[in-house]
Amino acid sequence: MTEHYLDDSVTQPFWDNSVTPRLKIDSGDIVVFDCAEPCGQVTPAWTVDEYEVLDRGKVHALNGSVWVKDAQPGDALEIDILDMRHKGWGWSAHRAGAGLLPEDFDYSYLHHWRIESDTCFSTELEHISVPFEPHPGVVGVAPREAGRFITAPPRANGGNLDVRDMVIGSTIWMPVLVEGALFATGDCHAAQGQGEVCVTGIEAPMTMTMRIKLRKDLRLEETQLRRPSPMSKLDSRGYHITTAHGPDLMTNAKNAVRYMIDWLCRNHQMNRSQAYILCSVAGDLKISEIVDAPNWVVSFHMPLALFRE
């Protein structure tokens with residue numbers, strides 16, 4: 001077993017099975033990825049005006065690709081997340097045309113966070129703090145199809161999955177689609193709710209350590225993972241939960257989040273953009289009932305441990 005280091009001097013904001021790998025490893029090797037801030041350009045001093053003209057062609061600023069020796073289509077990668085370390089800051093935002101509620105938010109908003117030890121502190125809301133519970137938003141291998149693809153939508157190769165449960169101590173299994181696998185990762189989040197409803201978590205540069213093992217005994221159609229308990233450090237003081245019903249799950253999801261935004265603004269001294277951001281970085285969108293036609297129920301869970309008394 002060898003430990004390797006990949007700095008953030010080269011980023012890969014695309015998927016392409018013809019890319020030249022930055023690193024070749026043996027099965028079982030450890031790779032330390034120095035992951036840039038997810039957009040490869042935002043700084044702690046950025047304003048919302050700068051965010052509005054962000055270069056979308058640099059998103060996501062992934063680190064890789066890593067060639068795994070002997071990996072062939074039909075094999076699988078087993079990836080253990082051993083460590084994730086922040087660099088003291090992060091940001092969240094919503095922008096026009098993106099997120100779950102583009103109809104409600106037709107403008108951009110940028111929110112900065114200060115990260116100290118294991119806590120993320122809002123720079124605007126003194127009574128709000130979020131535990132540092134990091135995960136990579138993007139883990140993926142090269143697609144089997146030729147060509148260059150943007151990283152925004154998740155695909156068969158994994159990619160922008162934004163599964164909050166890929167935490168330290170988790171194991172991820174991914175299908176290999178091309179020779180060498182060509183694994184890349186990044187888009188690190190210091191915290192994120194289930195659903196990432198405004199389109200960002202707490203986006204942050206991090207140093208992430210992974211062990212990558214080749215599994216020739218596994219056959220997978222899509223990504224699977226296993227995570228440790230507890231599900232969240234925020235599960236300590238209960239939840240406020242909003243619900244929405246109807247025949248369309250997307251409409252229900254939108255309404256459940258809208259009701260939570262209303263509740264946060266009425267009860268916790270924040271504006272609608274701040275409430276939308278908090279829903280995205282700390283709240284959980286869940287399907288509560290999907291068997292009693294013609295209506296289904298979606299619920300949104302906000303942990304009360306967020307609010308300092």
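This is a predicted model: local features need pLDDT of at least 70, side-chain atom pairs count only at pLDDT 80 or more; totals for chains, interfaces and linings use all residues.

Q: What kind of peptide bond joins Gly-64 and Ser-65?
A: A cis one. Omega there is about 5°.

Q: And which strand does S5 pair with?
A: S15. Strand S5 covers residues 63–68, and the two pair in the antiparallel sense over three bridges. Val-66 has Phe-183 of S15 as its bridge partner.

Q: How many bridges join S11 to S15?
A: Five, and those two strands run antiparallel. Strand S11 spans residues 135–140. Pro-136 stands opposite Cys-188 in S15.

Q: Is S15 enclosed or open, and why?
A: Largely enclosed by the rest of the structure, because seven of its seven residues, 183–189, are buried. Buried here means under 20% relative accessible area.

Q: What about Leu-182, where does that lie?
A: In the loop between S14 and S15. Leu-182 has a positive phi of about 55°, although it is not a glycine.

Q: Buried or exposed, that Leu-182?
A: Buried. Its relative accessible area is 2%.

Q: Which other non-glycine has a positive phi?
A: Ser-117, at about 55°. Its place is the loop between strand S8 (109–116) and strand S9 (119–122).

Q: Is Ser-117 buried or exposed?
A: Exposed, with a relative accessible area of 61%. So Ser-117 is exposed, whereas Leu-182 is buried.

Q: Switching topic. What's the strand order in the open sheet of six strands?
A: S1-S4-S16-S6-S14-S17, with mixed pairing. The edge strands are S1 (3–6) and S17 (224–226), and each pairs on one side only.

Q: How far are neighbouring strands turned against each other there?
A: By 25° on average, with direction ignored.

Q: Last one. What is the bond from Ala-293 to Pro-294 like?
A: That peptide bond is cis too, with omega near 15°. Pro-294 is in the loop between strand S19 (284–289) and strand S20 (296–303). By contrast, Ser-65, at the cis bond with Gly-64, is in a strand, S5.

Notes: Residues are numbered from 1 along each chain as its sequence is written. Side-chain values use heavy atoms; hydrogens and water are left out. Buried means under 20% relative accessible area, exposed over 50%, partly exposed in between (1.4 Å probe, protein chains only). Helices (H or I, at least four residues) and strands (E, at least two) are DSSP runs, numbered from the N terminus. Two strands pair if DSSP finds at least two bridges between them. Axes are lines fitted to C-alpha atoms, for helices over the stretch in contact, and angles run from 0 to 180 degrees between N-to-C directions.
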